[in-house]
Amino acid sequence: RDYYETTMQFRTFTNKIKAMRKTRLFTVVLLSIFYTAAKAQFVYDKLGKPAYEIPYTDIGGSPYLQDGWIDGSVVTDDGKKASAKLKFDSYLNRLLFQGKNAETLEFTDKLKAFGLSIGNKEISDVSPLVFVNNLPAIDKQTTDSWYQLVADGKVKLLKYYGKKIMESQGVNFSPKTKSFVAFHTYYVLRNGAMARVGDNKKAIAKALNNHGPEIEAWLKSNSINFKSDADLQKFFGWYNSLN
């Protein structure tokens, strides 16, 4: 009898140990799942936050550089690169991206560059368009404003895209209408200073203000359209080789 009672007590004790082990294992697994989910949520929340898109129901046209989501890429401030579906709001000068559930988000991490595979020659005849910020403030732009980097080098050529709202009077005394109108402005960054420049030979030569004879001779032997980003890129590539 004593042997039987001892055996039963031992079995009861063993079952309790097994139950405790199962409980601990379940707890570890549960915590692991929770940690993984929390970590994924943290990464997702860190990547972006919900962005409010103003409907502009009473304004014609679009506030975006190009409508629809565009294949692109971003470079974070610490050098990390990632592909994303992007939209650039050139009215508010802000970058949006498409989330995993097709929602519209804004980046929470600071970016230092992004690229857009637009391929629209009415916007620019180079592709992809590479955008940079952290440049000296000028006109209404701040250091957070985005510019297309048309030409890189010691002397940079940058292109600022904007949109303004224009109001026009309808015919026969009909109500006035509003619409988005796109514009762009070129800037030269040289020796840490930004200068606005026109898209013509005289304005750009004046902004560069050196190597005058070389520039004149090169332009005589090279056909350059100063309204073409591809041609301007070619010209600035040659010019930077002189410095």
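Two strands count as paired if DSSP finds at least two bridges between them. Helices (H or I, at least four residues) and strands (E, at least two) are DSSP runs, numbered from the N terminus. This is a predicted model: local features need pLDDT of at least 70, side-chain atom pairs count only at pLDDT 80 or more, and totals for chains, interfaces and linings use all residues. Residues are numbered from 1 along each chain as its sequence is written, and side-chain values use heavy atoms, with hydrogens and water left out.

Start with strand S5, residues 94–98. Four bridges join S5 to strand S4 (residues 81–89), and the two run antiparallel. Asp 89 stands opposite Arg 94 in S5. Four residues lie between S4 and S5 in their hairpin, and in that turn Asn 93 has a positive phi of about 55°.

S5 is also antiparallel to strand S6 (residues 104–107), with three bridges. Here Leu 96 is opposite Glu 106 in S6. This hairpin has five residues between the strands, and Ala 102 takes a positive phi near 65°. Four of the five residues of S5 are buried, meaning under 20% relative accessible area, with exposed over 50% and partly exposed in between (1.4 Å probe, protein chains only).

Now Asp 229, in helix H4 (residues 229–240). Asp 229 is buried, at a relative accessible area of 1%. Its side chain makes a polar contact of 3.0 Å with that of Lys 159 and one of 2.5 Å with that of Tyr 186. A polar contact is a pair of N or O atoms within 3.5 Å; within protein, one must be able to donate a hydrogen and the other to accept it, and residues adjacent in sequence count only if both atoms are side-chain atoms.
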